Every structure is written in C-alpha cells, then in structure tokens.
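Visitor: I am new to this structure. Please take one part and show it to me closely.

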Amino acid sequence: MARALTLSLNPISCTPAKTLNPISPFHNALPISSSRPNLTRRTLSHSFRHSTAAQFSGSVHRSEDLDDLDVVALEQEAKDAAEAYSSSLSQILSIDEETSDAEETAESRGKSARTTKFIPDNLLPRVAIVGRPNVGKSALFNRLVGGNRAIVVDEPGVTRDRLYGRSYWGEHEFMVVDTGGVLTVSKSQATVMEELAITTTIGMDGIPLAVREAAVARMPSMIERQATTAVEESPVIIFLVDGQAGLTAADEEIADWLRKNYSDKCVILAVNKCESPRKRIMQASEFWSLGFEPLPISAISGTGTGELLDLVCSGLQKIEESNNLDVEEDYVPAISIVGRPNVGKSSILNALVGEDRTIVSPISGTTRDAIDTEFTGPDGQKFKLIDTAGIRKRTAIASAGSTTEALSVNQAFRAIRRSDVVALVIEAMACITEQDYKIAERIEKEGKGCVIVVNKWDTIPNKNQQTAAYYEQDVREKLRSLDWAPIVYSTAVAGHSVDKIIVAASEVEKERSRRLGTSILNQVVQEAVAFKPPPRTRGGKRGRVYYCTQAAIRPPTFVFFVNDAKLFPETYRRYMEKQLRTNAGFPGTPIRLLWRSRRKMGKDDGKSVTKTQENLKSNDRKLVSTTP
C-alpha cells in the first residue's frame, strides 16, 4: 500500500568541503568506449566506500536547516515531465504522411478479440497472397492486417520481398504474407524489366556494366523465388487477379502453376477491384475458366473481404485446432537495421537468420518495405529484426521523383520509431557522410539504443592491430551524437562476426531498460556537483540541485529538481551526463536529462512552500526537426 513519504534533504552543495580529496574519483575515469566493461557496480561501490559525509557540505544525512520535500509528489511530477517531453518530441520528429498508428490499433484489436493465449508468429499458420504484378496484393495485405504496413503505389513491381503481418478473424489468428508479382517464363527480359519498373541507371553509379546487367537479369527470378517460398509455407493461398483488367495470359499460367504443384493446398481465387455492385458479378464471371470459384472483392473499400476471411478460416480450421498452444506473450525487443543504400543491410539480416529472407542485389533500392523477421539468439532471447530501405538525402529523392522511394524512406523512419535498438550500418571503405550523421542524429533524438555496424570489413586492405582503433577514433569524431554506441566490425556476405551484432544489441537493450536506485543516483550527482560546481552568473547566482530521480526507462530519463534551470548552461548539462555515464554505465543508449525549476516562496509552520515552474528543460541541444 502506497503511503506519502517525506525526505529531508539539503540542496546538494555547490562548494567542495575542505576535506575533499585533491584527486576526484572522476579524475582518472575511463573514457567512454565500446570496449569498456560495465563499470556500474564496481565504480559505484569503490567510489562510495571511500567517500564520507564530511566530503560534501549539505549531505543528505544532515538535518540542519533542511527543506522538507515530498518525495512521492516529486516522483509523480518527474514521471509527468518525462511523458510530456516524450510526447512533444514525437510531435517534433514527425514523419511525412504519417497517419494515426493504425498498426498498433489493429494489434490491440487482435489482442482484445482473443483470450490470454498467445501463439508466437513462427507457429501461426500462414496465408500467402500471390498474383501477377499490380493487381492489388499489397492493398489487400494492408486491409487484412490493418494499417499501412506495405507500400501501395499505382505501379508494378513495388513489392519484392515477403512481408508478414498478423491478422485475425473471429477466434482465428494467422499470418498474412504479401509477395512480389509472379512473372511468367514466356515473357522477354525487356518486357519483364518494364513491368517491374527495374532501373539500370538510378543508384547504379560505380557498378561495372556486366555486374549491373547480371543483377538486373536476376531480379525477376529472385522476386519469384520469394513468392514461391511464401506459397510453399502456407496452407491457404489467396490467388489475386484484377477484375478491371480482365483475364490475362499471366493469370492463366499462374493458375496452371498452382493446380499442378499445390493441389493439396486451399486456393482461393479473389477478383480484386470490383467496387461496382452492379458490375462485380460480371467482372468475376470471366475468371471461372481458371478452374477456381471466383470471389469478387475490393481491397480498397473492403467489399467482400468478410466472405474472403470466412473462406480463409475454413481452410485453417484443422490447423488451428491442432496447434492450440497456450504460450504467454513476452516482451520481444525489436532491432531495426538502417543505413544508406548498398551498405549490406539485407545481407546482415540473411546472415543472421541463415536463409535468403530478403533479396540481396547491387541494385540500389532493392529493399522497399520494412521487413519484420523473428529471430532467436544463442541464449534463447527472441528478437524482431527489421530490414529497411536505404535512406538517401531528401534532395536526391526529390530529384529522382520516385514516390516509391519516398514511401520506403518513411517506412525506414517508422521502423526506427517502433524499434528498441537500431543497428546503424556503414560501409568500411566508404567515408562517413553527412547523411550518416543525420541518420545518427535521428536515432539519438528518437531515444533508441544503437549499435554501429561497420560492414564489409574484409575490404579494408593491410589491416593490423591498430586498424580498428584508428577506425573507431574516426567514427567517434564524425558521429559525435552516438559516441556512447558500441561498434561491431562484420562481413555479412561471409557471415563473419554478424553474431556479435545480436550480442551487442542484447546488452544495449538491457542497459536501456535498467533503472538506477534513487539513493545511488543522488550520490553520483552529489559527487559530480562537489567536484565541479555550476558556474556563477554575473549577479552571483549559482544553480543548486535539490533532488534527482530516474523517471523512465527506454530510454533512461532523469529529472533534476533545481532552484533555477536557467542557471545550468548546456556545457554543465553535458558534464552531468558524462559523469552519469562514467559512474553509472548506460553504454549503447541515449539518456535524457530534464531540469525542473523550483523556488522557495515562504515558510508555513516550518515547512517550505514550493512552486513548480511548468517549463520543461532538456539537457541536450534545442529540439529541432532534422529529418534526413
């Protein structure tokens, strides 16, 4: 049962006592580095064992001329401040064309519809959506899973990789798989490239012509291989055709392919784009010749999708009953893989999961959607890996005039927002660019943990024992906003050191979720203030810290109650953050320091009456929307 507690505290002194040791415990502190071990407990215990109350005038254990502070009220105020800051930051870091979070809404609807039983994604039955390009597969996928998970553009060949999403209907829950357009072998290479809108110029600079032509030639077969994999793992297949375009030779070939190779599966023929109530029956009747019963639907308006889901669930009924597992839902950290185009993001994902989960090609912009994949680490910890499209400069995207690329970049930003840890991939031989710096800033402002992955490490010639140290120094200088992030060197194509990415991300997530005790936190702050007091103003005023508490995790957020937040300049706030990291750890995650002003107004029965100023102050730079 909660009860109101009060704690008598002095303001943390800004002047070192005469008995303070000339050498501060911070003087010989180790620099922040990815290789530095977690010094949290060891450093704190060593520091506090050798510090005494006499070192700090105004120690928390003294009772002379103390202010009575309601700790419960301060803790609640700190939580409110952290929530308000996080909300305002989300509004500033807006994403273009970002709608309400329909994805989370659909997920919450699914949870409310089912009981407390939870079936992991990898155990749910799958429903694949296949068809020729540009028949509306991604639009139907979005309709079934809720939200805008898949990119929908009125041009063929937008979807390339398999895209998974949870869906439910009644008491049934299953995974819907969106696929790329299945092509036919009877078409020429030029026709295939035209239908898939594969470019041979954009993003292909610096790639030899022979390699370029070979990559473009392989693209259709790689897309078709992804679709084939989805069909093979799904007991129910939704064969989607275009009711407005009518029956085509490609539809007939796909129907023959499904009948000959997958006669044991439940195939549902859905005729899309049948919005007109008068014409829908006539549009669907043309497809009886394919050998399946056509069902007219509209993915955009939702017409007929209820009947479609009834048929899907009838095909899944036996599977659902035989796999009725009772598994509790646990928190699964999400790791997004982001970076500029062609740095090896998809290769890292494939190397981690041990299969060709996504298409890997030297063609820039191969990955379009944000691809979610479940992964289990060596220690049994589950993760959700999110592969994303390469993020180019806005000016480059605008000059190219590609709507698909613009939506892909927005998907990448959304992936960063819904992830816990971000793996920022940079290419070893390429110089760190301004775009890398902007992506790093975005990660830091979103409050996400980060692991910097230097991929294609095998391309560095004449490596020695000092190469990694020199490279790390260069990365730290150019990506100052991520100076707390660990660095992993890998070669994804060969599978070298990719497992270290998961190990580092797991440690980062633990640090991001760690909560520091209030008593230990205030002792760290006392030592920091005693060693370096806040500067005086010209009028002789000096900042005083009354109380500090950790108000939130993911990321760790600390609220400082002070006499006047304006008396703590940016340099001092950065100093305080550095001391917190040095003595309390938190490697791999940003930490937020919020400053709340409190000033004494008078005395009433010997108790201080305080007034809270509602202005919120951040520890870092002013919030500016800097979308790459």
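Guide: Start with a cut-off: a residue is called exposed when its relative accessible area is over 50%, and buried when it is under 20%. The model here is a predicted one. Now take N462. Its relative accessibility is 76%, so N462 counts as exposed. N462 sits in the loop between β13 and α14. Its phi is near 55°, a positive value in a residue other than glycine. Most residues other than glycine have a negative phi.

Look next at what flanks that loop. β13 covers 449-455 and α14 covers 467-478. α12 supplies the largest share, 4 residues. The core has 28 residues in total. Which of them touch the most other members? They are L424, I443, C450, I452, V454, V475 and L482.

Stay with L482. Set aside its neighbours within four places in sequence. L482 is then in contact with L424, A440, E444, C450, I452 and R476. Among these, L424, C450 and I452 are also on the list of residues that touch the most other core members.

For context, a second, separate core has 26 residues, including L144, A150, V236 and V312.

N134 lies in the loop between β3 (126-130) and α4 (137-145). Its phi is near 65°, again positive in a residue other than glycine. With 32% relative accessibility, N134 counts as partly exposed.

Methods. Residues numbered from 1 in each chain as written. Predicted model: local features only at pLDDT ≥ 70, side-chain atom pairs only at ≥ 80, totals over all residues. Heavy atoms only, no water. Core = buried A, V, L, I, M, F, W, Y, C linked by side-chain atoms within 4.5 Å. Buried < 20%, exposed > 50% of the residue type's maximum accessible area, 1.4 Å probe, protein only. Helix = DSSP H or I, 4+ residues; strand = E, 2+ residues; numbered from the N terminus. Contact = heavy atoms within 4.5 Å.
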